[in-house]
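Dear colleague,

I am passing a structure on to you, and I would be glad if you looked it over alongside the notes that follow it.

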Amino acid sequence: MATTPFNPKYRPIRTYTDSIMGRVDEYALRHFKSDGMGAQATFLRNNARPNMKREYGIKLFRTPREAFAAFQRQKIAADAGLAPPVRRMVKVTIMHKRFADIMWGYQTCLAYGIGKIEVPYTMDGETDVARIERAPSSDEFGGFDAGVRRMFIALVQLSITGTQIGDRPLGTKYKRRAPRMTQDLHCENLGFWRKRPVVIDFGSHLVGECG
């Protein structure tokens with residue numbers, strides 16, 4: 001274990017409680033440089049180190065509804081050992097000379113080995129559920145098939161009923177027949193946490209929302 005204490009690059013200016021999102025850390029940044037970008041989110045490493053509990057990067061989205069939906073999904077998965085741990089929601093104001101941008105997100109621990117896990121896909125580009133479920137304990141998926149198969153089967157059993165719908169107004173929840181978190185599981189959205197395969201992207205594509 002590392003002995004150097006966590007020294008985050010960005011620190012909140014205050015913490016408040018939102019009636020829907022709960023505790024929110026608020027940041028005001030004058031200098032903003034992302035450490036990675038995806039289809040929906042921008043990532044700030046914030047000096048966090050991979051595989052370190054209580055060290056948090058910041059994942060940012062354009063709207064609070066997208067951020068809160070992803071936060072809730074990742075928390076559910078993290079509680080099941082299928083994602084890196086999360087801490088709380090964040091609001092980030094990015095100060096420019098004549099205006100300010102506001103982004104929303106959450107604090108997340110960092111996985112490692114991103115891009116090293118392969119998941120089979122169908123001809124249509126969807127996760128090949130049937131192939132994963134019948135996969136033997138062989139080297140079919142680059143040596144990670146057994147762990148990926150266990151992760152996927154556990155992920156299918158998780159429910160996001162009662163969580164925020166990412167493309168609906170804040171506070172709108174899935175009630176019944178909520179989608180499963182089984183789409184968009186390509187190698188760049190998977191990594192390792194404490195030697196176990198985990199999901200790292202909990203945006204709209206994971207559940208088939210339009211985003």
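Two strands are said to pair if DSSP finds at least two bridges between them, and helices (H or I, at least four residues) and strands (E, at least two) are DSSP runs, numbered from the N terminus. This is a predicted model, in which local features need pLDDT of at least 70 and side-chain atom pairs count only at pLDDT 80 or more, while totals for chains, interfaces and linings use all residues. Residues are numbered from 1 along each chain as its sequence is written, and side-chain values use heavy atoms, with hydrogens and water left out.

The seven strands form an open sheet with mixed pairing, in the order E1-E2-E6-E7-E5-E4-E3. Because strand E1 (14-18) and strand E3 (36-37) each have a single partner strand, they stand at the edges, and one side of each is left without a neighbour in the sheet. Strand E2 (residues 22-29) pairs with strand E6 (residues 86-95) in the parallel sense, over six bridges, and leucine 29 has isoleucine 94 of E6 as its bridge partner.

In the loop between strand E4 (42-44) and E5, asparagine 46 has a positive phi, near 60 degrees, although it is a residue other than glycine. Asparagine 47, which lies in the loop between E4 and E5, likewise has a positive phi, near 70 degrees. Asparagine 46 counts as buried (under 20% relative accessible area, with exposed over 50%, partly exposed in between, using a 1.4 Å probe and protein chains only), because its relative accessibility is 4%, whereas asparagine 47, at 44%, counts as partly exposed.
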